[in-house]
Structures are given as C-alpha cells and as structure tokens.
Amino acid sequence: MKTKTQIFSLCFLIPLFILQACGQSAKKQNTNTVVMENKISKPGNPYYSNTDTTKLNVTNAEWKKVLPEDVYDVMRNADTERPFTGKYWNTDEKGTYYCASCGNLLFRSGAKFASSCGWPSFFEQDNKKSVVYKNDNSLGMERIEALCGRCGGHLGHLFDDGPEPTGKRYCMNSIALDFVPDSK
C-alpha cells in the first residue's frame, strides 16, 4: 500500500513540477524604455527638443525670453541674414538640420545643394510636416514663406527654381538652423 501511495503522490506531484518549471522558463518581456535625448542642448529654452513633434503655441513675448536676439529677429520677425554670411551657406558636411528655435527636424544634408544664392538651399524637406508655408507679399514681392512646422518660426522662402527631383529650392537662413553632423 505504501508503494501505491508513493506512486500516486509522484503521479500528482510530477505534473505540478512540470507546470511550475514551464512557468519559470517563460521569457520575460523587455520593459526597458528607451528615452531619446536631444542631440543639441539648449538649457535656457524649455521648448527645444529634437524628438518632440508636438505643435507649439508660444507667444512672441515668451520666445523673446528664450531665444538669442539675432535668432529671434529672423525667426519671429521674418528678418533675413545677409547673403554669404551664414555658417551653412557653403557647407557640404553630412548630417541633419534642425529648427534653431524648437529643435524640429527639418532637412537632411542629402537634400542640400549649392545654389550660389548665398543661403543654404535644399530641394526637399525631411517630411511633409517639418516645414509649412504661407504667402508672403512683403517688400513688393510675391513669395512663399517657409516656416517651421512645429513652432511656426520663419526659416526662409520656397522657390520653384531648384534641381530635380522636386524642382524646389528651400532658401533658408543659416541662423534659423542647427546642424548635427552624422559623425556625432
């Protein structure tokens, strides 16, 4: 009888051990969260992010507090830097261009071309939401103003005299752009 009880106990316990072992061998899902950091640090500007694409609604008074005066003049007052004076007009380094006000991704260097106009020029934006447009009839001209799709800051103008495949020329102010080389 003792043998029957032991066999019965083993028949009952072995499946429990098997179930327990199966439960322990299940792989745990990776619950680590990857937080992407800014590639550029602007500690005095709480709106600057290279990863957040949320549209901003910030007053010009607030922008005036967080942007350098020269950047503010171009990006919030639609001023223009003098041709051939900006830091990116004649560079061909590989990398990514971001909005100098809010950090929004705007252009990749593969879309940059030498237009000889004195400002950095691109034939396409990074994505269809990165740059938005509005008609600009200032200075007695009819132009299309290019604005950051996230913060609405003035970047430059869009013209129809660029190279293929788009035929567009995004004529941008260097001061409205931040650049991160691919090697970083």
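1. A salt bridge is a side-chain nitrogen of Lys or Arg within 4 Å of a carboxyl oxygen of Asp or Glu. Buried means under 20% relative accessible area, exposed over 50%, and partly exposed in between, with a 1.4 Å probe and protein chains only. For charge, Lys and Arg count as positive and Asp and Glu as negative, while His and the chain ends are not counted.

2. The model is predicted: local features need pLDDT of at least 70 and side-chain atom pairs count only at pLDDT 80 or more, whereas totals for chains, interfaces and linings use all residues. Residues are numbered from 1 along each chain as its sequence is written, and side-chain values use heavy atoms, with hydrogens and water left out.

3. Arg76 is found in helix H3; helices (H or I, at least four residues) and strands (E, at least two) are DSSP runs numbered from the N terminus. Arg76 is buried yet has no salt bridge, and the nearest side chain of opposite charge, Glu145, is 9.2 Å away. A polar atom of the Arg76 side chain does lie 3.3 Å from the backbone oxygen of Cys151. Beyond residues up to four places away in sequence, Arg76 touches several residues, among them Trp63, Cys151 and Gly152, where contact means heavy atoms within 4.5 Å.

4. The largest nonpolar core has 29 residues, and Trp63, Met75, Leu106, Phe107, Leu155 and Met172 have the most contacts inside it. Such a core is a set of buried Ala, Val, Leu, Ile, Met, Phe, Trp, Tyr and Cys residues joined through side-chain atoms within 4.5 Å. The elements that each supply at least two residues of this core include helix H2 (60-66), strand E2 (105-108) and strand E7 (154-159). The largest share, four residues, comes from H3.

5. Which cysteines form disulfides? The structure holds zero disulfides, a disulfide being a pair of cysteine sulfur atoms within 2.5 Å. The sulfur of Cys148 is 3.5 Å from the closest cysteine sulfur, in Cys102, and is therefore too far for a bond. For Cys151, the nearest cysteine sulfur is that of Cys99, 3.7 Å away. Cys148 is buried at a relative accessible area of 0%, and Cys151 also counts as buried, at 7%.

6. Phe84 lies in the loop between H3 and E1. Phe84 is partly exposed, with a relative accessible area of 45%. Apart from neighbours within four places in sequence, Phe84 is in contact with Trp89, Ser116, Cys117 and Gly118.

Terms used
A polar contact is a pair of N or O atoms within 3.5 Å; within protein, one must be able to donate a hydrogen and the other to accept it, and residues adjacent in sequence count only if both atoms are side-chain atoms.
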